[in-house]
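Below is a short briefing on one protein model. It covers ring pairs, a cavity and a pocket, the nonpolar core and the overall fold.

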Amino acid sequence: MLLAGLGLPNASGAPREDALKKELKAMAGTWRPVSAENNGFRVSEDDLENRRRVLDVDGKWSTREGDKTVVEWKVKSLDPTKTPKAIDIEVASGEYKGMVYLAIYELDGDTLRICFAMPDRPVRPTEFSAGNGSVRALSVFKREVH
């Protein structure tokens, strides 16, 4: 399922799978949001304080507030060869289960930026911005645990 969107050429699939595993491993960990903006609205530091995003090497993500899992996600497709890198994230639990977010991401050491379009506007962002009228969300995370 994840390999479909990887976009790396090879009939055998082995290099694709290796590249995907490498990228997911690099993204795995517990991430603390340091900033978030949604369609021009900046989320306050107080609202971000208790949130964490936990990513595993299998492409499963969860958003947590304290010890409570608020929503679960899964990587539907991933293409680290694009510029900017592309990722599709599907909601795996709750009332929005099945919704897919088209996104771009940038992983730079222990900093992860993700910018995604709202599901009702399925156009992948081309830049890391989420200003007023953009119908996008941009989050920046710092890794706490690898």
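The count of aromatic pairs comes to 2, where rings of Phe, Tyr and Trp (its six-membered ring) pair if their centres lie within 6.5 Å, with planes under 30 degrees apart counting as stacked, over 60 as edge-to-face and the rest as tilted. The rings of Tyr-101 and Phe-116 have centres 4.9 Å apart and planes at 80°, so this pair is edge-to-face. The model is predicted: local features need pLDDT of at least 70, side-chain atom pairs count only at pLDDT 80 or more, and totals for chains, interfaces and linings use all residues. Residues are numbered from 1 along each chain as its sequence is written, and side-chain values use heavy atoms, with hydrogens and water left out.

**Aromatic cluster**

- Tyr-101 is buried at a relative accessible area of 13%, and Phe-116 is buried at 15%; buried means under 20% relative accessible area, exposed over 50% and partly exposed in between (1.4 Å probe, protein chains only).
- Ring pairs join Trp-73 to Tyr-101 and Phe-116 in a cluster.

**Cavity**

- The whole structure holds 1 cavity of 30 Å³ or more; on a 1 Å grid over the protein atoms alone, a cavity is a set of points where a 1.4 Å probe fits but cannot get out, a pocket is an open set with protein on both sides within 12 Å along at least five of seven lines, and lining residues have an atom within 4 Å of a point.
- The volume of the largest cavity is about 50 Å³, a volume being the space filled by probe spheres set on grid points that are joined across faces, edges and corners.
- Its lining consists of Arg-53, Trp-61, Trp-73, Ile-89, Tyr-101, Ile-114 and Phe-116.
- By class this lining has 6 nonpolar, no polar and 1 charged residues; Ala, Val, Leu, Ile, Met, Phe, Trp, Tyr, Cys and Pro count as nonpolar, Asp, Glu, Lys and Arg as charged, and the others, Gly among them, as polar.

**Pocket**

- The largest pocket has a volume of about 670 Å³.
- Of the 27 residues that line the largest pocket, Arg-51, Arg-53, Thr-63, Trp-73 and Phe-116 lie nearest its centre.
- The largest share of this lining, 4 residues, comes from β1.
- The lining of the largest pocket divides into 15 nonpolar, 5 polar and 7 charged residues.

**Core and contacts**

- The largest nonpolar core has 23 residues, and those with the most contacts inside it are Met-27, Trp-61, Ile-87, Leu-112 and Ile-114; such a core is a set of buried Ala, Val, Leu, Ile, Met, Phe, Trp, Tyr and Cys residues joined through side-chain atoms within 4.5 Å.
- Beyond its neighbours within four places in sequence, Ile-87 is in contact with residues including Met-27, Trp-61, Tyr-101 and Arg-124, contact meaning heavy atoms within 4.5 Å.
- Glu-90 lies in strand β6 and is buried, with a relative accessible area of 14%.

**Fold**

- The protein has 2 helices and 9 strands, in the order α-β-β-α-β-β-β-β-β-β-β from the N terminus.
- Of its 146 residues, 41% count as buried.
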